[in-house]
Amino acid sequence: MRKYNLPLLLMLAPLALGAQTTVSIDSCRNLALRHNKAIAVADQNIVGAGYLKKAAASAYLPGIDFAATYMYNQHKIALLGEDAKLPTMSFDPSKGTYKYNILTNPETGAPILDPNTGSPIPTQVAVIPKEAMTYDVHNVVAGAITLTQPVYMGGSIRAMNEITRYAENLAVSMRNSAVQDVIYSVDEAYWTVVSMVQKRRLAQGYAGLLDSLYYSVTQMYDQGVVTRSDVLSVEVKRNQARVTLTKADNGLSLARMALAQVCGVPVNTPMRLSDEELQPADASAPAPPQTDMNQVYARRQDLASLRTGIKIFEQKERLARAAMLPKLGIVASWSFSNPNTIDGFEKRFGGGFSVGAVLQVPIWHWGGNLNKLRAAQAETAARRLALEDAETMVDLQVSQARFRYDEALKTLGMTRSNLASADENLRNAEYGFREGVLTCDDVTAAQTAWLQAHSEEIDAAIGVQLCRVYLGKVLGLMQY
C-alpha cells in the first residue's frame with residue numbers, strides 16, 4: 001500500500017481543488033524542498049554513502065564464503081598403463097640382509113641379464129593389476145567453506161572506513177548546498193511575484209488616474225475650455241496605461257507560474273502570497289555585523305565539501321601507501337569432495353579442516369606503487385590549493401554582498417524621498433490643472449513621474465529583500 005505524507009496532503013488540498021489559498025514564504029520553501037529532484041537525488045546519495053560506510057566497516061570482521069563445483073570427466077584415471085611386476089627380496093640369515101630374488105648363473109653365481117632391458121631377471125615378482133590403480137572420476141563434486149580474517153592490511157581497511165565516513169559527510173554537505181540554492185531560488189521567485197503584484201496595483205492606480213483625467217478633460221472639452229488635441233493626448237496616455245496594465249497582468253501570471261514550478265506544484269496552481277501586501281522595508285536597517293571570516297568559512301557548505309574532499313584524498317594517500325606494506329591474514333576452511341582420498345580412493349563424501357596464515361610482502365614493482373603514492377599526494381595538494389582559491393572567492397563574495405546590501409538600502413532611502421516628491425508634484429499638478437494654471441501635458445508628466453517613482457520604490461524594496469537573502473547565503477547564515 002502506498003504511503004502518503006498527511007501534512008503535505010492537507011497543505012496541497014486547497015490547491016488541488018483550485019481554491020485560492022494564502023501561502024507564506026516558509027510554505028513555498030517546504031514545498032520546493034519536498035518536490036525538488038536535485039534534493040531527492042542528494043538524499044539518495046546520503047543513503048548510499050551510509051550503506052558504503054557500513055560495508056567498509058564489515059572489512060574488520062572475518063569473511064565466510066562457500067564454494068562448490070561439479071565436473072564430469074570423460075575418462076577414468078589409470079595410474080598404470082598395464083599390470084606392474086615388482087621384484088621381491090628374501091632375507092639372508094647368514095648375512096643378516098635382504099637380497100633380490102634374481103636368476104643367477106649356477107657356475108659363476110652372476111646375475112643373468114634380460115637381453116632386452118639389460119636388467120637382472122627376477123625369479124619371483126609381485127603383481128599389481130592395472131585395475132587396482134584405476135579410479136572412476138567421471139563425476140566429481142567438491143566444495144569448501146572458508147573463513148578469512150584480515151590481521152594487518154597495511155592500513156587500507158582503516159583508510160577505506162575513513163573515506164566512506166568522509167564521503168557520507170560530503171553527501172550531506174552537497175545536499176545542504178543544494179537546499180540553499182533551492183531556497184534562494186524560491187525566495188527570488190517569491191519576491192518577484194510580490195513585486196509584480198505591487199506593480200500591477202500600481203498600473204491599476206495609474207490607469208485610474210488617467211481615466212479620471214480623461215473624464216475631466218472630456219467634460220472641459222464639451223465646455224470649450226480645452227482643445228481636441230488635449231483630449232487626444234490624454235486618450236493616448238490612457239491607452240498606454242491599459243497596455244501597461246495588460247503587461248503587468250501577464251507578468252504577474254508568468255511570475256506565479258515560475259514560483260509554482262520552483263515549488264514543484266502544477267504551474268496553474270492558484271496561490272496567494274501572504275506578503276502580497278508588501279510591508280515597507282526598513283531603509284535604516286543595518287547590514288549584519290562584520291563576522292570573523294574563519295566562522296564564515298566554517299559555515300559555508302561548499303567550503304565544507306572541499307575540506308571533506310581533502311580528507312578523502314589524504315586517506316587515498318594512505319591507501320596508496322598500504323600497497324607498499326606487508327599484509328597478513330588468517331585462513332581457515334573445511335573442504336569436502338566426492339570421491340575423496342582421505343582413506344584411499346572412496347566414492348563418497350569426505351572432508352576435513354585446515355588452518356593457515358597468508359603473508360604478502362611487496363618487494364619490487366618497478367616504482368609503480370611509489371608513483372601511485374606520489375600521484376595521490378599531488379591530488380591532495382591540488383585540492384588544498386582549490387580550497388585556498390575558494391576561500392579567496394568567498395572573501396570577494398562577502399564584500400560584494402555587503403556592498404550590494406548597503407547600496408540597496410541607500411537606493412531604497414532615495415526612492416522613498418523621490419516618492420514623496422512625486423506624490424507632492426502630482427497633487428500640485430492636479431490642483432493647478434483644476435485651477436487652470438497647468439495644462440494636460442503637465443498633469444500627464446506628473447503622473448508619469450509618479451508612476452516611475454512608485455515603480456522604483458517597489459524595485460528597491462524587493463532589492464533589499466533579495467540582497468538580505470543573498471548576504472545571508474554567502475555568510476552561511478541562511479536557515480534551512
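Pro-150 stands opposite Gly-329 of strand β11, in a model that is predicted rather than determined by experiment. Strands here are DSSP runs of E with at least two residues, helices are runs of H or I with at least four, and both are numbered from the N terminus. Strand β9 (residues 139-152) and strand β11 (residues 327-338) pair in the antiparallel sense over 11 bridges; two strands count as paired if DSSP finds at least two bridges between them. On to the next pairing: β11 is also joined to strand β12 (residues 350-360) by 11 bridges, again antiparallel. Within this pairing, Ser-335 has Gly-352 of β12 as its bridge partner.

As for conventions, residues are numbered from 1 along each chain as its sequence is written. Local features need pLDDT of at least 70 and side-chain atom pairs count only at pLDDT 80 or more, while totals for chains, interfaces and linings use all residues, and side-chain values use heavy atoms, with hydrogens and water left out.

The loop between β11 and β12 holds Pro-339. A cis peptide bond, with omega of about 5°, links Asn-338 to Pro-339. Another backbone feature belongs to Trp-366, which has a positive phi of about 60° although it is not a glycine. Trp-366 sits in the loop between β12 and α8, and Ile-363 has its place in the loop between β12 and α8 as well.

Ile-363 counts as exposed because its relative accessible area is 75%, and Trp-366 is exposed because its relative accessible area is 75%. Both belong to a nonpolar surface patch, whose members also include Val-151, Tyr-152, Leu-328 and Val-355, with about 1,200 Å² of accessible area together. The elements giving two or more residues to this patch are β9, β11 and β12. Patches are made of residues with over 30% relative accessible area and no salt bridge, with like charges joined within 9 Å and nonpolar side chains (Val, Leu, Ile, Met, Phe, Trp, Tyr) within 5 Å. A salt bridge is a side-chain nitrogen of Lys or Arg within 4 Å of a carboxyl oxygen of Asp or Glu, and accessible areas come from the Shrake-Rupley method with a 1.4 Å probe, only the protein chains shown counting as cover for residues.

The largest nonpolar core has 74 residues, of which Cys-28, Tyr-190, Val-217, Leu-259 and Leu-273 touch the most other members. The elements that give two or more residues to this core include α2 (25-35), α4 (156-222), α5 (228-263) and β10 (271-273), and α4 provides the largest share, 22 residues. Such a core is a set of buried Ala, Val, Leu, Ile, Met, Phe, Trp, Tyr and Cys residues joined through side-chain atoms within 4.5 Å. Leaving aside neighbours within four places in sequence, Leu-273 is in contact with several residues, among them Cys-28, Tyr-190 and Leu-259; contact means heavy atoms within 4.5 Å.

Two further residues complete the picture. Thr-415, in helix α8, is buried because its relative accessible area is 5%. Not counting residues up to four places away in sequence, Thr-415 touches Glu-456, Glu-457 and Ala-460. Asp-114 lies in the loop between β6 (97-100) and β7 (125-128) and counts as partly exposed because its relative accessibility is 25%.

Note on methods: Buried < 20%, exposed > 50% of the residue type's maximum accessible area, 1.4 Å probe, protein only.
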